[in-house]
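Biologist: I've got a structure on my screen and I'd like to learn how to read it. Can you walk me through one of its helices?

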Amino acid sequence: MDLTEYVRSALADYADTQGLDPTWLDEVGETYREQGNLTREQLYDVAYASSTRSAYHVENNPDRRCRKVTESVVAVDGDFSKIQLLSGLSGFKAPTASAVLTALDPERHAVVDTRVWASLDRLDYLDGRKERFDAADYVTMIEPIREIAAETGFRVDEVGYALFAADVEAREGTLH
């Protein structure tokens with residue numbers, strides 16, 4: 001199967017996964033772009049949708065800090081710097097931070113996690129499995145995701161969703 005068909009097929013299966021709702025995340029992104037930042041409550045919603053286990057930590061962040069950090073993310077250049085800024089907030093590791101970036105700019109970013117890493121490994125873009133991610137790991141993942149998007153004509157966020165769905169289909173056994 002060629003790469004375009006792989007993405008098309010996996011993306012068609014995404015709705016059957018327990019992944020983030022892309023339409024909802026697009027709406028969060030519209031709000032983010034209109035406001036120029038996100039509130040603590042809005043960040044909590046993203047964190048809860050991304051990782052219910054750690055979402056409560058978001059409440060430890062002052063609202064003003066949430067607004068300032070997400071405002072700074074808009075202004076700063078570089079994927080590493082953007083993820084690193086968001087990861088400075090309680091409740092945000094790289095996978096949850098990637099959801100915020102994807103909401104902000106789905107043409108350049110994708111929601112990433114263990115499943116996306118595993119699919120990139122299966123496609124020989126990465127070597128080995130990984131369960132924890134930091135800003136450098138996000139950069140490692142987003143580069144091949146962008147390559148696949150450029151090659152197939154899909155948006156970067158769509159490739160991320162497809163890679164997630166492909167792992168749901170391919171994985172044997174438990175996630176961790």
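Predicted model: local features only at pLDDT ≥ 70, side-chain atom pairs only at ≥ 80, totals over all residues.

Biologist: How far apart are the end C-alpha atoms of α8, and what span should its residues give?

Modeller: Helices here are DSSP runs (H or I, at least four residues), numbered from the N terminus. The expected span is 1.5 Å times one less than the number of residues. For the 18 residues of α8 (residues 135–152) that should give 26 Å, and the end C-alpha atoms agree, being apart by 26 Å.

Biologist: At what angle do α1 and α8 cross?

Modeller: Axes are lines fitted to C-alpha atoms, for helices over the stretch in contact (heavy atoms within 4.5 Å), and angles run from 0 to 180 degrees between N-to-C directions. Angles under 35 degrees count as roughly parallel, over 145 as roughly antiparallel, 65 to 115 as roughly perpendicular and the rest as oblique. α1 and α8 are therefore roughly perpendicular to each other. Their axes come within 9 Å and cross at roughly 105°.

Biologist: Which residues of α8 does α1 meet?

Modeller: Look along α1 for L3, T4 and V7. Across from them in α8 are I148, E151 and T152.

Biologist: Is D79 buried or exposed?

Modeller: Find D79 in helix α5. Its relative accessible area is 15%, so D79 counts as buried.

Biologist: Which side chain makes a polar contact with the side chain of D79?

Modeller: A polar contact is a pair of N or O atoms within 3.5 Å; within protein, one must be able to donate a hydrogen and the other to accept it, and residues adjacent in sequence count only if both atoms are side-chain atoms. Leaving aside neighbours within four places in sequence, D79 is in contact with several residues, among them Y138, V139 and I142. The polar partner, at 2.7 Å, is R146.

Notes:
Residues numbered from 1 in each chain as written. Heavy atoms only, no water. Helix = DSSP H or I, 4+ residues; strand = E, 2+ residues; numbered from the N terminus. Buried < 20%, exposed > 50% of the residue type's maximum accessible area, 1.4 Å probe, protein only.
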